[in-house]
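Visitor: Please walk me through how to read a few features of this model.
Guide: Have a look at it before we start.

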Amino acid sequence: MSSGVAARRDAKKLVRSPSGLRMVPEHRAFGSPFGLEEPQWVPDKECPRCMQCDAKFDFITRKHHCRRCGKCFCDRCCSQKVPLRRMCFVDPVRQCAECALVSHREAEFYDKQLKVLLSGATFLVTFGNSEKSETVVCRLSNNQRCLILDGDNRHEIEVAHISTVQILTEGFTPGAGSARATGMFLQYTVPGVEGVTQLRLMAGEDANASRRQAAAWLAAMHKVPWAAKLLYESRDQ
């Protein structure tokens with residue numbers, strides 16, 4: 001990829017919305033697939049009462065809109081200001097209790113797991129039904145739009161085209177102990193290619209720093225916001 005194209009992908013601009021300042025991609029097409037659009041606010045005239053506790057709004061009880069869901073609440077039910085990275089807000093924004101809880105969990109992903117995904121880890125990758133595997137470094141691109149596999153060849157998988165994410169684990173005993181992530185199975189589509197493509201990433205067998213890094217990368221992948229509806233675990237009994 002040329003440096004000019006890479007610069008365009010990573011370019012940002014500061015915009016002001018009714019909810020606050022946002023640092024968004026300069027080109028919408030290069031936005032993160034983890035992102036959320038700002039919601040339409042419930043019109044003031046349609047919410048004479050708090051949508052949580054039913055308190056009536058007046059000169060003393062003011063109304064506030066949750067920046068995440070757009071619903072209308074009193075100050076008591078919408079008092080928390082929490083980072084909302086998925087909407088690219090520069091500063092923490094006002095959210096209702098339910099949305100704040102979700103945003104707190106997502107903030108942990110952006111503060112911790114995202115850094116692990118961007119750093120990457122070493123895996124053995126097998127494409128399709130092939131029995132041949134190759135060593136690659138798998139990482140998330142800086143703009144979060146692609147999984148990049150660097151090995152003998154370079155592969156880029158668009159996150160938006162992934163249809164299945166399956167974390168492979170071992171060491172699970174019902175009622176005791178915990179599973180250890182050992183690999184990941186992906187299904188995705190490739191523009192211009194019919195059907196679904198699949199690959200399997202497996203951590204190396206040696207118990208060294210590389211394997212620990214791979215396990216940490218898989219654990220971070222488990223926390224990706226967009227993967228919640230796609231991800232499930234397969235435990236090797």
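**Rings, burial and strands**

Guide: Phenylalanine 109 counts as buried because its relative accessibility is 1%. Buried means under 20% relative accessible area, exposed means over 50%, and partly exposed lies in between, with a 1.4 Å probe and protein chains only.

Visitor: What should I know about the model and its numbering?
Guide: This is a predicted model, in which local features need pLDDT of at least 70 and side-chain atom pairs count only at pLDDT 80 or more, while totals for chains, interfaces and linings use all residues. Residues are numbered from 1 along each chain as its sequence is written, and side-chain values use heavy atoms, with hydrogens and water left out.

Visitor: How many aromatic pairs does the structure hold?
Guide: Rings of Phe, Tyr and Trp (its six-membered ring) pair if their centres lie within 6.5 Å; planes under 30 degrees apart are stacked, over 60 edge-to-face, and the rest tilted. The structure holds three such pairs. One of them is edge-to-face and joins phenylalanine 34 to phenylalanine 109, at 5.9 Å centre to centre with 75° between the planes.

Visitor: Which parts of the chain does that pair link?
Guide: Helices (H or I, at least four residues) and strands (E, at least two) are DSSP runs numbered from the N terminus. The pair links distant parts of the chain: phenylalanine 34 is in the loop between strand E2 (20–25) and strand E3 (63–65), and phenylalanine 109 is in helix H2 (residues 97–119), 75 residues apart. Both phenylalanine 34 and phenylalanine 109 are buried. Phenylalanine 109 also forms an edge-to-face pair with tyrosine 110, at 5.3 Å centre to centre and 80° between the planes. Tyrosine 110 counts as buried because its relative accessibility is 12%.

Visitor: Which side chains of strand E8 are buried?
Guide: Along E8 (residues 134–140) the side chains alternate.

Visitor: In what sense do E7 and E8 pair?
Guide: Two strands pair if DSSP finds at least two bridges between them. Strand E7 (residues 121–127) and E8 pair in the antiparallel sense over five bridges, and phenylalanine 123 has valine 136 in E8 as its bridge partner. The two strands form a hairpin with six residues between them, and glycine 128 in the turn has a positive phi of about 55°.
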